[in-house]
Amino acid sequence: MKNSIAAIILAAGKGERMKSDKPKVLHEVACRPMLGYVLDLVKQLRIKRYVVVVGYQYQQVKAFLPASASVAIQRNILGTADAVKQALPLLSGFRGTVIVLYGDNPLLKPDTVKKLIAHHTETKAAATLLTAQMDKPDGYGRILRDSYDVICGIVEDKDADEYQKTIKEINTGILCFEREKLARYIKRIKPNNAKKEYYLTDIIEMLYKDEYVVESIKADDPKEVMGVNSRVELAYANKIMQQRIQENLMKNGVTIVDPDSTFISWDAKIGTDTVIYPFTVIEKDVKIGSHCSVGPFARLRPGTRLDDFVTVGNFIEISRTKIASGSRAKHFGFLGDARLGHSVNIGAGTVTANYDGKHKNTTIIKDKAFIGSDTVLVAPVVVGKQARTGAGSVVTRNKNVDDFTTVVGVPAKPIKTKMR
Ligand code: UD1
Ligand code: CA
């Protein structure tokens, strides 16, 4: 199967309905551009040959693609058929099945596509569509069937008449073609429609008229095939993606006390027996060990690394910071560009002043240090092993606190050194 399948990913559209300067496929779902999920899908299906069609702001979209991707540029965004046409020269010499995927389908799962490809291969159809039954089919192309229930065409929402609008079987946009037929028919598509675009979907009626077999399978879950065209749909896709991400974590032994008020990035790594309390936000590139306690109201930003048995409590923001096992930061504060050893205690209101207006600087807090409430650590600075800072102290830049030393005041000065 591997060698006879190639994919075309359509990602050239502006996404008019998003009302955005950013290309639609780069809008994020759970911290990842939608197109990322589609690229992942192609990878999971082990499809080696694929072409991404880019157009609107194509430099930005290209920058997001792996260097190895083959890219076709659609100079004028004239519709899905025109987009596919731009990709075909890059698949020259390829014989077999082409699957068309859309960059605005972030929720599509590999199993569904596998079923589609399998059905297409078994039936040897000229084309096979993935369709879905939707309670609210508005906006989607509708599947037209003849009196024998055979697919005879697709009508776009904007071109549909009153009756056609009542059809609830929709075109998901995902379809398989035999390359040679696709190449032949695509040339014949004309922009005879409300949007004056070249519709890929018009091929279906042409194939039917020429008595070719068009097959279809229905997606089990219509949510999976939703196309994201607007910010409202983007929010909905985020909701569904959150459910998937969180359920997957829970299956793997993470407690999420209130999934509805929790936001977790697609790539978060969280160990078993860690508890995530409500209103916690975990952004991309965050790794959390086992037996940790996070939140309520914690915000973990990119580059956060928590070892096992770490507690981060409420109203704390952590960014580009590594915290070793057994350390605690239980109350409000900010830790940025910091490295904490094990069993460190961070008092309420502690702030690492990491930014001096030009650079982000590092704060190092060594094993078993005890940072008093309301301490400000002006980076770059090092707080030594088992050192302590008094409440309200301001440790100024480069005034490192030695191991076993206590500092107090503004600016902080040592008051005593423990016997070793
Ligand atoms: C399309 C289908 C519709 C289907 C729906 C499913 C057509 C004509 N319509 O409508 O039947 O129900 O998807 O979600 O195919 N694109 C390009 N170049 C273009 C135009 C679009 O690359 O010239 C890309 C877009 O970036 C997007 C995808 O193709 O990823 C689909 O385009 P979009 O405009 O969202 O189509 P829909 O109106 O949603
Ligand atoms: Ca769409």
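The following questions and answers describe a predicted model.

Reader: How are residues, chains and ligands labelled, and which pLDDT limits apply to this predicted model?
Author: Residues are numbered from 1 along each chain as its sequence is written, while chains are lettered from A and ligands numbered from 1 in the order in which they are written. Side-chain values use heavy atoms, leaving out hydrogens and water, and in this predicted model totals for chains, interfaces and linings use all residues, whereas side-chain atom pairs count only at pLDDT 80 or more and local features need pLDDT of at least 70.

Reader: Which residues are the protein donors of the calcium ion (ligand 2)?
Author: Donors are N, O and S atoms within 2.8 Å of the metal (3.2 Å for Na, K and Ca); water is not among the atoms, so sites may look incomplete. At distances of 2.2 to 2.4 Å from the calcium ion, the protein donors are Asp104 (OD) and Asn229 (OD1).

Reader: How many residues apart in sequence are the parts that Asp104 and Asn229 tie together?
Author: Helices (H or I, at least four residues) and strands (E, at least two) are DSSP runs, numbered from the N terminus. Asp104 belongs to the loop between strand 6 (97–102) and helix 4 (110–123), and Asn229 to the loop between strand 11 (214–218) and helix 8 (231–251). The pair therefore ties together parts whose separation in sequence is 125 residues.

Reader: Are Asp104 and Asn229 buried or exposed?
Author: The terms rest on relative accessible area: buried is under 20%, exposed is over 50%, and partly exposed is in between (1.4 Å probe, protein chains only). By this scale, both Asp104 and Asn229 are buried.

Reader: Which elements cover the buried residues of helix 3?
Author: In helix 3 (residues 80–87), the buried residues are Ala81, Asp82, Ala83, Val84 and Ala87. Contact here means heavy atoms within 4.5 Å. The cover includes strand 1 (5–11), strand 4 (49–54), strand 5 (70–73), strand 6 and helix 6 (179–186).

Reader: Which residues does Gln246 touch, not counting residues up to four places away in sequence?
Author: Gln246 is placed in helix 8. Its relative accessibility is 2%, so Gln246 counts as buried. Leaving aside residues up to four places away in sequence, Gln246 touches Ile256, Pro259, Thr262, Phe263 and Ile264.

Reader: Which element gives the largest share of the lining of the largest pocket?
Author: A pocket is found on a 1 Å grid over the protein atoms alone, as an open set of points where a 1.4 Å probe fits, with protein on both sides within 12 Å along at least five of seven lines; lining residues have an atom within 4 Å of a point. The largest pocket holds about 1100 Å³ of space, and of its 37 lining residues the closest to its centre are Arg17, Lys24, Thr80, Lys195 and Asn229. Two or more lining residues come from each of strand 1, helix 3 and strand 10 (169–178). The largest share, 3 residues, is given by strand 10.

Reader: How many residues of the lining of the second largest pocket come from helix 8?
Author: The second largest pocket has a volume of about 500 Å³. Its lining has 20 residues, and nearest its centre lie Tyr37, Met241, Arg244, Ile245 and Asn248. Helix 1 (34–44) and helix 8 each supply at least two lining residues. The largest share comes from helix 8, with 7 residues.

Reader: Which residue in strand 28 does Gly333 stand opposite?
Author: Gly333 and Leu335 on one side of strand 25 (residues 333–336), and Phe334 and Gly336 on the other, are all buried. Two strands pair if DSSP finds at least two bridges between them. Strand 25 runs parallel to strand 22 (residues 316–319), with 4 bridges, and parallel to strand 28 (residues 350–353), with 2 bridges. In strand 28, the residue opposite Gly333 is Thr350.

Reader: What is omega for the cis peptide bond between Val410 and Pro411?
Author: Most residues other than glycine have a negative phi, and most peptide bonds are trans. Pro411 is in the loop between strand 35 (405–408) and strand 36 (413–417). The bond from Val410 to Pro411 is cis, and its omega is near -10°.

Reader: What is the phi of Lys19?
Author: Lys19 lies in the loop between strand 1 and strand 2 (28–29). Its relative accessible area is 71%, so Lys19 is exposed. Lys19 is a residue other than glycine with a positive phi, near 50°.

Notes:
Grid points are joined across faces, edges and corners, and a volume is the space filled by probe spheres set on the points.
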